[in-house]
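Hi everyone, thanks for coming.

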Amino acid sequence: HHLAATAGRAGVRAYAEHRAHELRERYAPEVRAAGPEVTARARALAGALGRDGFAASARPVDTGTGVAAVQLCQGRCPVQHAAAAFPELCEAETQAFSELLGVGTRRLATLGAGGRVCTTHVPTAPPDHDRPAQHHPAQHGTTTSGGPRRAPGPAARRTPSSPEGPRG
């Protein structure tokens, strides 16, 4: 908040870019060493993030759209409270992930915005044009108006026996 008050949003963006630059510099050698395959690069990035305390993982997901993807998840964030007020921090990190992995990534959830984990969608291959994508609105987050729909939040998935959600 001090940075925003003294340097404005431009100062916050500059700081976010600085953090992203440091992240790229720190993780680039390990990600490059994983080779050209995006899934291997995402796993290498998750490993590097995990060693730095982000509680990171990378797992393949089937989106049902014919697009192979990995979800890169981070269970901890050192700037979570700042990111709640200044999403520029998450935006810069997402851009750094895109550059490191060599594909356009997209944030699906962030700890700063109230998610249980930061989740980044990483496409690993172009769409499979030989088979039509199976579209199921209830499963793939589309409303009848065609716009995106978010999955139920953590509170909607809690059960009476676990009012605080999963531990760990």
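First, some housekeeping. This is a predicted model, where local features need pLDDT of at least 70 and side-chain atom pairs count only at pLDDT 80 or more, while totals for chains, interfaces and linings use all residues. Residues are numbered from 1 along each chain as its sequence is written, and side-chain values use heavy atoms, with hydrogens and water left out.

So, the overall layout. The protein chain has six helices and four strands; these are DSSP runs numbered from the N terminus, with helices being H or I of at least four residues and strands being E of at least two. Along the sequence, the pattern reads α-α-β-β-α-α-β-β-α-α. Of the 168 residues, 35% are buried, meaning under 20% relative accessible area with a 1.4 Å probe, protein chains only.

Now to strand β4, residues 118–123. Is β4 largely enclosed or open? Five of its six residues are buried, so the rest of the structure largely encloses β4. Strand β2 (residues 68–74) pairs with β4 in the antiparallel sense over six bridges; pairing here takes at least two DSSP bridges between the strands. Val 70 sits opposite Val 122 of β4. Strand β3, residues 106–109, also runs antiparallel to β4, joined by three bridges, and there Arg 107 has Thr 120 as its bridge partner.

Next, helix α2, residues 38–51. Its 14 residues should span 20 Å at 1.5 Å a residue, and the end C-alpha atoms are 20 Å apart, which agrees. That expected span is 1.5 Å times one less than the number of residues. Buried residues in α2 include Val 38, Arg 41 and Leu 45, and what covers the buried residues of α2 includes α1, β1, β2, α4 and β4. Just after α2, Gly 53 takes a positive phi of about 90°.

Last stop: the second largest pocket, with about 200 Å³ of space. Among its 18 lining residues, the closest to the centre are Arg 19, Leu 23, Val 79, Leu 89 and Glu 93. A pocket is an open set of points on a 1 Å grid over the protein atoms alone where a 1.4 Å probe fits, with protein on both sides within 12 Å along at least five of seven lines; lining residues have an atom within 4 Å of a point. Helix α1 gives the most to this pocket's lining, with six residues.

Conventions:
Grid points are joined across faces, edges and corners, and a volume is the space filled by probe spheres set on the points. Buried means under 20% relative accessible area, exposed over 50%, partly exposed in between (1.4 Å probe, protein chains only). Contact means heavy atoms within 4.5 Å.
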